[in-house]
Amino acid sequence: MPNQNLVSRTQLEEVVAHLNECTDAYIFIYDLKADTYTISPYVLKNFAFPSSAFNNARQTILDVVYPDDRPLLSADLDLIRAGSKDTHNLEYRWVNKNGKPVWISCRGKMFWTLTEELLVGRVTVIDEHDKVDLLTNLPMETTMRMDFGLEWAKRRKVSGFLFKIDIDNLGSINEQYGMKTGDRVIGLLSKCCIKACKGLAHVYKLNGDELLCMNLTGKNATDAQKLYQRLKRYISEIEQQTEYEVVFTVSAGAVAFFNDSSQLDDLFKKLNYTLVEAKRKGRNNLTMYNAVDYTKHLRSIELQEKLRESIKNNFRGFELYFQPVVNAKQLYLDDAKTVFNVIGSEALLRWACPELGRLSPDDFVPILEKSGLIIPVGRWIMLTAFNQCREWNRLYKEFRMSVNLSYIQVQKSDVLTDVQIALEKSNVNPHNITLELTESGYMDSGNELQNLLVEFKKMNLNIDIDDFGTGYSNLRYLQHLHANTLKLDYSFVHKATNGDEGDRKVIKHITQMAHELGMTVCMEGIETHDDIAKLAPFEPDKFQGFYFGRPVSAVQFREHYLHTDAEREIMAQKKQQSLDVVL
C-alpha cells in the first residue's frame with residue numbers, strides 16, 4: 001500500500017460531492033477491493049446505471065460499455081488491480097439510454113485507506129468532432145489510443161511499429177508565407193503519408209503538425225525504414241507537381257516492437273526520444289529506436305534530476321579541486337630543484353552523487369550545460385573559487401586563481417553581473433583572478449567575445465583564452481581580444497612533444513605571435529620532464545599538467561603546492577647564497 005496516497009474515505013467523498021456540484025464531468029469513486037462504485041447522480045440522465053452508487057461495480061460498468069470496448073477496459077482494470085499501475089486514462093464508448101455509443105474520456109488515480117483501494121477520477125463525454133482532424137480528415141490521437149488498446153487487450157502484447165513524423169521548420173514556413181501555406185503543407189504531407197503507409201500502417205493526426213503511423217500486424221524496423229523512403233519520394237513528387245511552390249522536409253522517429261507488453265505511453269516515450277534525436281542530428285532524417293542510446297538518455301535525465309536536487313540542497317556534493325599552474329621561466333623555488341614554483345591554480349568542478357558516487361566531469365558537465373543548470377553552478381564556482389583565492393592571498397600575495405566560464409553562462413545569463421557580485425561578496429583582489437574562456441565557442445561572434453573581454457578588463461580581471469589549438473581556432477581574433485594569456489590545449493601540445501615537426505613549428509610561431517601581441521603563453525598537458533625539455537625552447541610563460549600535479553582538494557593543495565611569501569623569501573635567499581658561493 002503506497003503511503004503517499006493514504007487518505008480518508010470521508011475526505012474523498014466530501015471533495016467528490018463538492019466537485020460534482022461545479023463541473024459537467026462525472027466524478028467517481030471506485031473501490032476495486034469491495035467492487036463498489038459511486039458516481040455523480042447527473043450521469044443517470046443519459047446512461048442506464050442502476051443508481052449513483054452500486055455494488056458488483058465491475059460487471060455493472062461493463063454492461064454500459066460498448067461491447068467492442070469491454071476487453072480494453074477489463075485489461076486496464078486488471079493492471080491496476082494487480083498493482084502494475086496506479087493511474088487510469090482511457091477513451092472508449094458507453095452506450096446511452098437510446099442505445100447509441102457515446103465516446104467518453106475516463107481518467108483516474110489510485111488512493112488507499114487502511115482497508116480500501118480507491119480509484120478516484122472523472123468521466124467526460126467527448127464530442128465526435130474531436131475524433132477527426134478537420135484539416136487532414138485523419139483520425140486523431142483518441143482513435144489511435146483506442147485502436148492500440150483494443151489490439152493490446154487481445155493478448156496483452158503487440159508486434160509492429162510506431163512511426164512519428166514532424167515537419168522541419170514549419171514555424172519558419174508560417175512566418176514567411178503565412179498560416180495558409182503552413183496548413184497546405186500539413187495537408188500535402190498527410191496525403192503523402194497515407195500513400196506511403198498503404199499496406200504498412202494506419203495514419204493518425206496528432207497535435208500541431210505531427211502525424212503518426214501505426215502498425216500492429218507484425219511489421220518490423222525494416223518496414224518502418226521502407227515507409228520513410230516512400231514518404232520522402234512522394235514528398236519530392238508532390239513538390240514537382242506543385243512546381244516547387246512549397247518545399248519542405250520531414251524528420252521522423254520510429255520504434256519497432258515484437259510481442260511487447262509495454263503500455264502505449266511507455267512506447268511513446270521511446271518514440272518521442274527518437275524524433276528529438278532525428279532533429280538533433282540535422283533534421284530531414286529518420287532515427288530508429290536504439291535501446292543502448294535510450295538507456296544513456298534515461299541516465300542523462302536521471303543525472304539531471306540528481307544535479308538539480310544537489311543544487312537545491314545548497315550545492316550538496318559539489319566541490320572544487322585545484323590544479324597547480326607553474327612558472328615556466330623559473331620552474332623551481334629551491335636550489336635543489338625539488339619545489340615547483342606554483343604561481344596559481346585552475347579551479348575544476350567535481351561532484352559526488354549520494355546514490356551513484358563520484359562522477360567524472362565528462363559525465364555531468366555536459367548535462368549541466370545542456371539543461372542550463374551550469375548557470376547557478378557557475379555562480380557557486382565563482383564565489384567559492386574567489387573566496388579560496390582571497391584566503392590563499394593572505395599567505396601568498398601574488399597567487400592567482402583561474403576560473404572557467406561556460407559558453408552557456410555567457411550566452412544565457414548576465415555573467416558580468418554575476419562576476420561583479422562574486423567579487424564584491426568575496427572581497428578578493430580582481431588582479432588575482434583569471435577568467436578562462438574557450439575561444440572556439442565564439443567563432444561566429446568575435447565581436448561579442450571582444451566586448452565581453454573589454455568589460456572584464458574594466459573590472460581589472462585577467463583573461464585567458466583556453467583550449468587554443470582545438471577545433472578551428474581563429475588566429476585573426478587574437479589581435480583584437482587583448483587577453484592576458486593564451487592556453488595551448490594539451491592535445492595540441494602532445495602532438496609536438498611526440499615528434500610531430502609540423503606541430504612544433506606551429507606552436508613555435510603561435511607562441512612568438514602571442515608574445516608580440518603582449519600575451520603570455522601557458523602550455524597544458526605536461527606529463528614528463530622530457531615534455532618540458534622539448535617545449536622550453538619555445539619560451540612559454542606557464543606550464544600546467546599532471547607532471548606538476550593532478551587536481552586536488554583545497555586542503556591537499558594548501559599542503560603540497562602553496563608556498564607562502566615567507567617560505568619563498570627563505571628559498572630565494574638560500575638560492576642566492578648558493579650562487580654567491582659559486583661565484
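Start by selecting S426, which touches L383, F386, N387 and R390, leaving out residues up to four places away in sequence; touching, or contact, means heavy atoms within 4.5 Å. S426 is found in helix α13. Helices (H or I, at least four residues) and strands (E, at least two) are DSSP runs, numbered from the N terminus. S426 is buried, with a relative accessible area of 0%. Buried means under 20% relative accessible area, exposed means over 50%, and partly exposed lies in between (1.4 Å probe, protein chains only).

A word on what you have open: this is a predicted model, in which local features need pLDDT of at least 70 and side-chain atom pairs count only at pLDDT 80 or more, while totals for chains, interfaces and linings use all residues. Residues are numbered from 1 along each chain as its sequence is written, and side-chain values use heavy atoms, with hydrogens and water left out.

**Stop two: a pair of helices**

Now select α11 (residues 374-393) together with α13 (residues 415-426). They pack at an angle of about 35 degrees, with their axes 9 Å apart. Axes here are lines fitted to C-alpha atoms, for helices over the stretch in contact, and angles run from 0 to 180 degrees between N-to-C directions. On the α11 side, show R379, M382, L383, F386, N387 and R390; they meet D418, V419, A422, L423, K425 and S426 in α13. By class, this contact has six nonpolar, two polar and four charged residues. Ala, Val, Leu, Ile, Met, Phe, Trp, Tyr, Cys and Pro count as nonpolar, Asp, Glu, Lys and Arg as charged, and the others, Gly among them, as polar.

**Stop three: the cores**

Which residues have the most contacts inside the largest nonpolar core? Select F318, F386, M401, L435 and F456 to see them, in a core of 81 residues. α11 gives the most to this core, with ten residues. A nonpolar core is a set of buried Ala, Val, Leu, Ile, Met, Phe, Trp, Tyr and Cys residues joined through side-chain atoms within 4.5 Å. A second, separate core has 33 residues, including L170, V185, V203 and Y228.

**Stop four: parallel strands**

Go on to strand β17 (residues 462-468), where six of the seven residues are buried. β17 pairs with β16 (residues 433-438) in the parallel sense over five bridges; strands pair if DSSP finds at least two bridges between them. Look for T434 opposite N462 in β17. Three bridges also join β17 to β18 (residues 485-488), again in parallel, and I465 has L486 in β18 as its bridge partner.

**Stop five: an open sheet**

Next, colour the six strands of an open sheet in the order β3-β2-β1-β6-β5-β4, with antiparallel pairing. The edge strands, β3 (53-54) and β4 (87-95), each pair on one side only. Helix α3 (residues 70-81) packs on the sheet, touching β1, β4, β5 and β6. Nine bridges join β5 (residues 101-112) to β6, and I104 has V125 in β6 as its bridge partner.

**Last stop: two loop residues**

Select D35 in the loop between β1 (26-31) and β2 (36-39). Its phi is near 60 degrees, a positive value in a residue other than glycine. Finish at N137, in the loop between β6 (117-125) and α4 (141-155). Is N137 buried or exposed? N137 is exposed, with a relative accessible area of 61%, and its phi is near 65 degrees.
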